[in-house]
Amino acid sequence: MAGFGDILKIMSHAKELQENAAKLKEELPNLEFSSSTGNGGVSVTVGGDFTVRKISIAPEMLKDPDFLERELTEALNSAFASARSAMQERMKAVTGSLGIDLPSF
């Protein structure tokens, strides 16, 4: 059975987790992740809040809509994967000392 000191320690960790999670939530909209296709025809930037911020398409990409769709999908998926990975690392930093594995984004 946990003693009073253990309960205080747990409460302290919970408060720390809550503060760190709130700080991370405030930071998310300010983070940006970019990706480009191998040929540089499509570039995208997404936010840490998983919103699309910018899409750049080279004029020559407009000649082949199917290719453009594939390239755009590739660039977006890559940028979102970078954002997801960064968020997971930040969540580990927030929860790491507590040994809690929170769901990823």
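In the hairpin formed by S1 and S2, five residues lie between the strands, and Gly40 adopts a positive phi near 75 degrees. The model is predicted, so that local features require pLDDT of at least 70 and side-chain atom pairs count only at pLDDT 80 or more, whereas totals for chains, interfaces and linings use all residues. Residues are numbered from 1 along each chain as its sequence is written, and side-chain values use heavy atoms, with hydrogens and water left out.

Strands S1 (residues 32-36) and S2 (residues 42-47) run antiparallel and are joined by five bridges; two strands pair if DSSP finds at least two bridges between them. Ser34 stands opposite Thr45 in S2. Buried denotes under 20% relative accessible area, exposed over 50%, and partly exposed in between (1.4 Å probe, protein chains only).

The protein contains two helices and three strands, in the order α-β-β-β-α from the N terminus. These elements are DSSP runs numbered from the N terminus (helices: H or I, at least four residues; strands: E, at least two). Of the 105 residues, 27% are buried.

Val52, located in strand S3 (residues 52-57), is partly exposed, with a relative accessible area of 44%.
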